[in-house]
Amino acid sequence: MSRTLCLCCQRHQKACICSFIADIANDIHLVVLQHPSEVSQTKGTVALLAKSLQSCQVVVGEDFDKEAPFLQMMQQYQPVLLYPGDKAQTLNQNVVRQLTSRDITKLDVKPLCLVILDGTWKKAYRMFMLSTKLQQLPQVCLPEYLANSGQYLIRKVAKKNALSSLEASCYALAMLEQIYDTTEQRADAQPITPEHAGIYQPLLDKFQQFNQFQLSFRPVNKSLKET
Ligand SMILES: [Zn+2]
């Protein structure tokens, strides 16, 4: 059997994800904090997400208080954590205004960046609890009509409100960018929905195809492990 790897995505050519990559010029930087056990997940969506967004950074770890790339990001940006914790505020215009006006009195207004945790619910919770710096970030969550719209058929999703990291990031970025971009106040700005997620829709469409592609492996390759 051929073991040739794709030079672009480093996967076996049979499992190459390159045809599902969309080129998205995101305004708000995305930081994915990835649990180490997610790195080798062949079904993980972060590889596709990171290859599609022009401004995206993946930091692997568990306790991020000690991770240099994370600390550097905290200096450079004004991070907002997408996490459905107790303090999470549902993303809407008022919340984004609050977030962006906090530093307005300072001369060096840092750009917003979105931080997401990539792992099972249990692992994401562990990452959150271990990293005190994460707990101090403002928390946001998606409105319910987006949070429950997941297309993710590959991994067992035990709970409602369980989007893939790719979908959650696309929806949150689309909402943040639309509200954040108050300078233009585009009259034609459509509300973000699962079918109309602005510049992220091409990636979400490709993701549906990606899901079908991954499912096609199922009967022949049962060795792919679920976590
Ligand atoms: Zn490839």
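The legends below describe close-up views of a predicted model.

**View 1. Overall fold of the protein chain.** The chain has 227 residues, and 45% of them count as buried. Its secondary structure comprises 8 helices and 6 strands. Along the sequence, these elements run in the order β-α-β-α-β-β-α-β-α-α-β-α-α-α. Consider contacts with a sequence separation of 6 or more: residues 24 or more positions apart account for 78% of them. The accessible surface of the chain is about 12,500 Å². Carbon and sulfur atoms hold 52% of that surface.

View 2. Two of the cysteines, Cys6 and Cys9, are buried.

**View 3. The backbone at Gln10.** Gln10 sits in the segment before β1 (29-34). Its phi is positive, about 65°, although Gln10 is not a glycine. Most residues other than glycine have a negative phi. Is Gln10 buried or exposed? Gln10 counts as exposed, because its relative accessibility is 51% and the cut-off for exposed is over 50%.

**View 4. The largest nonpolar core.** This core holds 45 residues. Leu142 and Leu203 touch the most other members. Eight named elements each give two or more residues to the core: β1, α1 (46-52), β3 (78-82), α3 (93-101), β5 (112-118), α6 (144-147), α7 (165-180) and α8 (201-215). Which element gives the largest share? That is α7, with 10 residues.

**View 5. Surroundings of Leu203.** Neighbours within four places in sequence are left aside here. The remaining contacts of Leu203 include Phe20, Ala22 and Ile24. Leu203 also meets Leu48, Leu49, Ser52 and Leu53. Leu166 and Cys170 complete the list.

How values were computed: Residues are numbered from 1 along each chain as its sequence is written. This is a predicted model: local features need pLDDT of at least 70, side-chain atom pairs count only at pLDDT 80 or more; totals for chains, interfaces and linings use all residues. Side-chain values use heavy atoms; hydrogens and water are left out. Buried means under 20% relative accessible area, exposed over 50%, partly exposed in between (1.4 Å probe, protein chains only). Helices (H or I, at least four residues) and strands (E, at least two) are DSSP runs, numbered from the N terminus. Contact means heavy atoms within 4.5 Å. Accessible areas come from the Shrake-Rupley method with a 1.4 Å probe; for residues, only the protein chains shown count as cover. A nonpolar core is a set of buried Ala, Val, Leu, Ile, Met, Phe, Trp, Tyr and Cys residues joined through side-chain atoms within 4.5 Å.
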